[in-house]
Amino acid sequence: MNEERKLMISVQDVTMTFRREEDRSGSLKETVTKLLSRKLKFSTFTALHDVSFDVYNGDVLGIIGRNGAGKSTILKIISGIMKPTKGNIIRNGNIVPMLELGSGFDFDLSGRENIFLNGAILGYEKPYLFSKYEEIVDFSELRDFIDVPLRNYSSGMIMRLAFSIAAVVEPEILIVDEILAVGDENFQKKSRARMMELMGGGTTVLFVSHDMNQIREMCNRVIWLDGGTIRMQGETKEVCDAYRI
Amino acid sequence: MTDINFKKIIRIGLIVYFAAIALFTVGTLSRLKDGSVFGLPKFLVYGAVVLVLTVCVLLYVLHLQKRLKSGKDAFGLRVLRTIHKYRFLIEQLVTRDFKIKYKRSVLGVFWSFLNPLLMMIVQYVVFSYLLNFRGTVEHYALYLLCGIVIWNGFNDCSTQSMRSIIGNAHLITKVYVPKYIYPVTKVLSASINVLLSMVPLLLVTVIYGLIATPKLYLSFAVLLLPLALLLLLVFCIGIGFILSSLMVFFHDIEFLWTVFSTIWMYATPIIYSLEMFESRAPWLITVMQFNPMYHYINFVRSIVLYRTAPTFLEMGITALISFGTFAVGLLIFKKCQDKFVLYL
């Protein structure tokens, strides 16, 4: 461990409470009639309760826990998609979330146009994207189809393009929700290797996975979330061994 | 992340500012020539106002420069930085919307020219031959066209931006981007069409003006057209903010809005003129002052059809409506935006 490391993310006493109406109404009429008849009930659901941790430069932090433990919620809060009900997040550095591939694709546009659209959504700058364009096309192995509208792509081709765009990132903080291996066997190998390369390349990574082998292999620290609170955090081996039981 | 090139922004900003002042002055020349305010000739007062405004602008630029040098934060700098950071995304989203619109049509972008023309012809035939509105309004075809172009522009912007948040739900729940971008880009891409529809409007005005009796030529007042469109744009963005945030919570807004906008259209003098009701319902003119669209359409008709700039009071009211709506929209959007992700 280095002595002086830059603090990249600081999560301070974050609590996230969702307010759920019993059955959420989507229409004006329903809400008004319910309000009038005082039937509008709220039940609260606490997804995260007073969670605090720090992430330093170069950390590969694994987040484990069962379904509904709050893993995805904490990732969404860190990347700024959600605002926590209480608590603070301090971020130093640009964050690239690799949550779901191809969210920003438009199926009427060609592969080329989608590279730029999706790249812009992921926060790349224009000159950077232009310089990386060839690399993206080569990686996706879709050069022959790059001017074809996306609606004519097969689902495997779409995933390959999406992965290739996301894979050229050089972020300071990378957020990964499960390792993404897409496409045919050959491409799966390639994409897995690229992910490992990205995560092992000295960037700060937040990594959510159910695959304990991957967690043991990649991470130097692990946080175990259970029912919205941190059950345990520390060295990978310690936490993973405890989680098994 | 590269920082903003402040000098370049200032240079371009000042050029745009002085060009705008020049255009505005030439455009309103007909209103400045004679008349007086507080006993002083109008053009003197105008000159003083412009001078004060220019001094204020320059002072603000100096203030920002000082803040930038000392490394302190300022509201203006924050806005510039955000726009700088996301300008590529804005550019991409606007081009996407624009491309998608005509992607599978044969005539493509020509529909932006054709649509208002065809609408005008249909309504002209119906209302001038069947209902005989022609006699009461001079240059009825052009009168119609001005109204149609502006109303369609507004309608397009508002319906497009209404769906901007729920339509981009898959992005909002996955990637962090300032949410203001979505309604703003929708309005921007729709307003490209408004801009394009100015071509048939001006073309028809020139051609029609040559054949019509009495002849009708474009005047310098037409230089105010960019201002009219800009004010409409600001108004539309404000409406877009309001509609798109309401839409997240109540999907009924979509259907309500279709009905409401139809009512609004008939409540606006697009196919008829207020003069028709002068004797029957004189109160209508007072009530109409509260209809924002009446002001925008009147603005355009004034500079295209009546060949004169609107009065300064009229322009002030229009600007007030635009920026007022924008401010209200911004406030509502700001208040709601953290809740969007929970309801999408």
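Modeller: Here is a friendly walk through the terms used for this model.

Modeller: This is a predicted model, in which local features need pLDDT of at least 70 and side-chain atom pairs count only at pLDDT 80 or more, while totals for chains, interfaces and linings use all residues. Residues are numbered from 1 along each chain as its sequence is written, chains are lettered from A and ligands numbered from 1 in the order in which they are written, and side-chain values use heavy atoms, with hydrogens and water left out.

Colleague: What makes chain B as compact as a globular protein of its length?

Modeller: The radius of gyration is taken over C-alpha atoms, and the globule rule is 2.2 Å times the number of residues to the power 0.38. Chain B holds 14 helices and 2 strands, with helices (H or I, at least four residues) and strands (E, at least two) being DSSP runs numbered from the N terminus. For 344 residues the rule gives 20 Å and chain B has 22 Å, which is close, so chain B is as compact as a globular protein of that length. Along the principal axes, its C-alpha atoms fill a box of roughly 65 × 55 × 40 Å.

Colleague: How many residues of chain B and chain A are in the contact?

Modeller: Contact means heavy atoms within 4.5 Å. By that rule chain B gives 30 residues and chain A gives 34 residues.

Colleague: What area do chain B and chain A bury between them?

Modeller: The size of an interface is often given as the accessible area lost when the parts come together. Buried area is that loss with a 1.4 Å probe, summed over both parts. Chain B and chain A bury about 2900 Å², and 60% of it is on carbon and sulfur atoms.

Colleague: Why is the pair B:Arg96 and A:Asp106 called a salt bridge?

Modeller: The term asks for a side-chain nitrogen of Lys or Arg within 4 Å of a carboxyl oxygen of Asp or Glu. The closest N and O atoms of B:Arg96 and A:Asp106 are 3.9 Å apart, so the pair qualifies. Between chain B and chain A the count is 4 salt bridges.

Colleague: Which helices of chain B supply at least two residues each of the side that touches chain A?

Modeller: They are helix 4 (75–102), helix 8 (169–172) and helix 14 (312–343) of chain B. Helix 4 of chain B brings the largest share, 8 residues. Nonpolar means Ala, Val, Leu, Ile, Met, Phe, Trp, Tyr, Cys and Pro, charged means Asp, Glu, Lys and Arg, and the others, Gly among them, are polar. On that basis the side of chain B that touches chain A has 16 nonpolar, 5 polar and 9 charged residues.

Colleague: Where do the domain bounds of chain B come from, and what are they?

Modeller: The bounds come from an automatic or database domain assignment. It divides chain B into domain 1 (1–72) and domain 2 (87–343), whose C-alpha centres lie 27 Å apart. Their contact takes 9 residues from domain 1 of chain B and 11 residues from domain 2 of chain B. About 880 Å² is buried between these two domains, with carbon and sulfur atoms giving 76%. In domain 1 of chain B, the residues losing the most area to domain 2 of chain B are B:Leu23, B:Phe24 and B:Arg31, together 52% of what that side buries. The count of salt bridges between these domains is 0.

Colleague: How is chain A divided?

Modeller: Chain A has domain 1 (7–36 + 43–93 + 214–244) and domain 2 (98–206), with C-alpha centres 26 Å apart. The contact takes 19 residues from domain 1 of chain A and 16 residues from domain 2 of chain A. These two domains bury about 1400 Å², of which carbon and sulfur atoms give 71%. A:Leu75, A:Gln214 and A:Met218 supply 37% of the area that domain 1 of chain A buries against domain 2 of chain A, more than any other three residues. Between the domains of chain A the count is 0 salt bridges.
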